[in-house]
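Me: I'd like to learn how to read a beta sheet in a model like this one. Could you walk me through it?

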Amino acid sequence: MVAPKDEHERTLAFAEVALRQIRSLRQEAVPRNYEIWYVYATGHNAPLNKIINETLARNGRLTESDLEQIYDTYLSHGRATDRIDKIGARVVSEIEDVMSLITDALGLTASFGDNLNGANQKLSLAKDRDQVKTVVERLVASTFEMQRANNALETRLSTSRLEINNLQHNLEAIRAESLTDPLTGLGNRKHFDRAVDDAVRYAAASRQPLALLMIDIDHFKSFNDTYGHLTGDQVLRLVGMALKQSINGRDIMARYGGEEFAVVLPDTSLQQAIAVAENIRQAVTSKELKKKSTGEILGRVTISVGVSALKADDDTDSLIERADACLYVAKRNGRNRVVCEADRDDHGHDRIQVA
């Protein structure tokens with residue numbers, strides 16, 4: 001057991017690490033950011049630490065969008081867990097109430113059976129009309145009591161069925177919410193991680209093609225720095241909308257992190273994936289960005305896209321790494337273009353052309 005003094009010192013150390021990270025990365029010292037870095041300092045949330053380390057290694061910083069995505073994906077689900085626990089408690093309570101009612105009904109049924117047997121014996125021994133009438137009246141009263149109990153049970157079961165159906169819908173909504181990026185409405189990183197693993201396993205087992213697009217918004221930082229985070233959010237929503245309009249069927253779209261997006265394309269060859277990527281690039285570029293508060297035209301958003309296709313010896317990580325490598329070749333060679341594995345030679349040298 002940790003002594004109170006030791007626990008005090010330990011938690012203060014975590015707090016100091018959190019504040020030091022906020023200060024060194026020049027982030028706002030708001031509760032959300034503090035919670036992210038405090039949890040990071042504890043090391044208790046390995047996926048959170050992994051995505052932070054990967055993002056810092058890749059970009060050298062965490063943008064406001066990165067922080068929002070990390071919080072929504074790796075911390076706010078704790079609130080969802082609380083909601084799930086409450087719904088679970090309500091389901092258990094509902095079942096207990098129904099089981100109690102059923103137990104009472106079973107007892108009444110047994111009593112009614114005894115009454116029937118007793119009535120049968122009394123009728124066989126009855127010697128006059130009055131005795132028969134008394135037995136029948138008691139039997140009728142017992143029957144009415146049984147009918148009332150059955151009606152009450154039927155009503156309660158019907159109510160419980162509706163209540164449990166509603167709770168089930170709530171659970172499904174919470175699950176969907178925990179896998180959705182609230183800003184763009186696309187899947188979040190957690191959704192992508194699960195979906196791409198499933199897609200790779202299925203494609204490998206069925207020997208069907210699979211392609212992956214990694215997408216990055218060009219010059220996204222300049223939108224945030226020049227026009228503010230609200231405009232940056234508008235840019236993210238614009239790209240998310242373009243993805244929704246360009247992708248359908250079994251294809252999986254997700255906000256990968258910050259200004260990056262990912263698209264998993266089952267049963268899709270490399271050449272088909274290049275065509276999809278180019279459609280997305282053109283759809284984004286065709287949309288004019290307008291500042292909502294003033295109506296000022298801010299220009300057009302462009303994206304860079306890296307494309308990879310599943311190979312026989314691939315796993316999820318290698319598929320993502322190759323798409324990522326192509327993406328950064330696209331950005332290094334002028335942005336606003338699609339680069340695939342065919343645009344790189346066997347030694348990894350760039351052989352770039354705009355798709």
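Reply: Let's go through the sheet and then one of its strands. This is a predicted model, where local features need pLDDT of at least 70, side-chain atom pairs count only at pLDDT 80 or more, and totals for chains, interfaces and linings use all residues. Residues are numbered from 1 along each chain as its sequence is written, and side-chain values use heavy atoms, leaving out hydrogens and water.

Me: Thanks! In what order do the strands of the open sheet lie?

Reply: In general, strands of a sheet pair through backbone hydrogen bonds, either parallel or antiparallel. A strand here is a DSSP run of E with at least two residues, numbered from the N terminus, and two strands pair if DSSP finds at least two bridges between them. In this model, 5 strands form an open sheet ordered β2-β3-β1-β6-β7, with mixed pairing. At the edges are β2 (252-257) and β7 (338-340), each pairing on one side only.

Me: Which strands pair with β3?

Reply: β2 pairs with β3 (residues 260-266) in the antiparallel sense over 5 bridges, and β1 (residues 210-217) pairs with β3, also antiparallel, over 7 bridges. Ala-254 has Ala-262 as its bridge partner, while Leu-213 has Val-263. In the β2 and β3 hairpin, with 2 residues between the strands, Gly-258 takes a positive phi near 60 degrees.

Me: And is β3 covered on one face or on both?

Reply: Both faces are covered. Buried means under 20% relative accessible area with a 1.4 Å probe, protein chains only, and 7 of the 7 residues of β3 are buried. Glu-260, Ala-262, Val-264 and Pro-266 lie on one side, with Phe-261, Val-263 and Leu-265 on the other.

Note on methods. Helices (H or I, at least four residues) and strands (E, at least two) are DSSP runs, numbered from the N terminus. Buried means under 20% relative accessible area, exposed over 50%, partly exposed in between (1.4 Å probe, protein chains only).
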